[in-house]
Amino acid sequence: MTGIFLAAASALAFYFVGSPFLNQNDQAENPFSNLSQSPESVSTTQNDIDTCISNPTSDCDQEMQQISKFCEQNKDQNIPYCSDPRVQMYLDQRGLSRATINEGK
């Protein structure tokens, strides 16, 4: 009688512990199915540039400087927003462009 009880208790314990792992196949097929955000609502760098041009903020200042720095570091790649002249224009108008100083190195 004790053996049957222990077997039943072990089976229930394994069921409750193992069931989340056994049901992963349903979730693994589409892990993003529960997200309510559509691809159209995801902000892109081009949208950020458009927004910053129309409404400059200190956050935009930082973002535009990061975009400029990223494009400078990756100028050998063909990145569409790196050829957008509005980024440099924004930096110039906001006084964020600094002339490179020759430090004699």
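Is Cys 82 buried, partly exposed or exposed? Cys 82 is partly exposed, with a relative accessible area of 29%. Buried means under 20% relative accessible area, exposed means over 50%, and partly exposed lies in between (1.4 Å probe, protein chains only).

The model is a predicted one: local features need pLDDT of at least 70, side-chain atom pairs count only at pLDDT 80 or more, and totals for chains, interfaces and linings use all residues. Residues are numbered from 1 along each chain as its sequence is written, and side-chain values use heavy atoms, with hydrogens and water left out.

Start with the overall plan. The protein has five helices and zero strands. Read from the N terminus, its elements run α-α-α-α-α. Helices (H or I, at least four residues) and strands (E, at least two) are DSSP runs, numbered from the N terminus. The protein has 105 residues, and 15% of them count as buried. It exposes about 9000 Å², of which carbon and sulfur atoms supply 55%. Accessible areas come from the Shrake-Rupley method with a 1.4 Å probe; for residues, only the protein chains shown count as cover. Now look at contacts, which means heavy atoms within 4.5 Å. Among contacts between residues at least 6 apart in sequence, 53% join residues at least 24 apart.

Next, go inside. In soluble globular proteins, nonpolar side chains tend to be buried together. A nonpolar core is a set of buried Ala, Val, Leu, Ile, Met, Phe, Trp, Tyr and Cys residues joined through side-chain atoms within 4.5 Å. The largest one here has eleven residues. They are Ile 49, Cys 52, Cys 60, Met 64, Ile 67, Cys 71, Ile 79, Tyr 81, Val 87, Tyr 90 and Leu 91. The most come from α4, which gives four.

Leaving aside its neighbours within four places in sequence, Leu 91 is in contact with Met 64, Gln 65, Ser 68, Leu 96 and Ser 97. Just after α5, Gly 95 takes a positive phi of about 75 degrees.

Now for the cysteines. A disulfide is a covalent bond between the sulfur atoms of two cysteines. Here it is taken as a pair of cysteine sulfur atoms within 2.5 Å. By this rule the count comes to two. With bonded cysteines counted along the chain, the pattern is 1-2, 3-4.

Cys 52 is buried, at 2% relative accessibility. Cys 60 is buried as well, with a relative accessible area of 7%. The link of Cys 52 and Cys 60 is left-handed, with -85 degrees about the S-S bond.

Another disulfide joins Cys 71 to Cys 82, S to S 1.9 Å. Cys 71 lies in helix α4 and Cys 82 in the loop between α4 and α5, so the pair ties together parts that are eleven residues apart in sequence. Cys 71 is buried, at 12% relative accessibility, whereas Cys 82 is the partly exposed residue of the opening question. The link of Cys 71 and Cys 82 is left-handed too, with -85 degrees about the S-S bond.

Finish in the loop between α4 and α5. Asn 74 is found there, and Asn 74 is buried, with a relative accessible area of 17%. A polar atom of its side chain lies 2.9 Å from the backbone oxygen of Phe 70. Asp 84 lies in this loop as well. Asp 84 is buried, with a relative accessible area of 13%. Its side chain makes a polar contact with the side chain of Arg 86 (2.9 Å). A polar contact is a pair of N or O atoms within 3.5 Å; within protein, one must be able to donate a hydrogen and the other to accept it, and residues adjacent in sequence count only if both atoms are side-chain atoms. Leaving aside its neighbours within four places in sequence, Asp 84 is in contact with Gln 46 and Ile 49.
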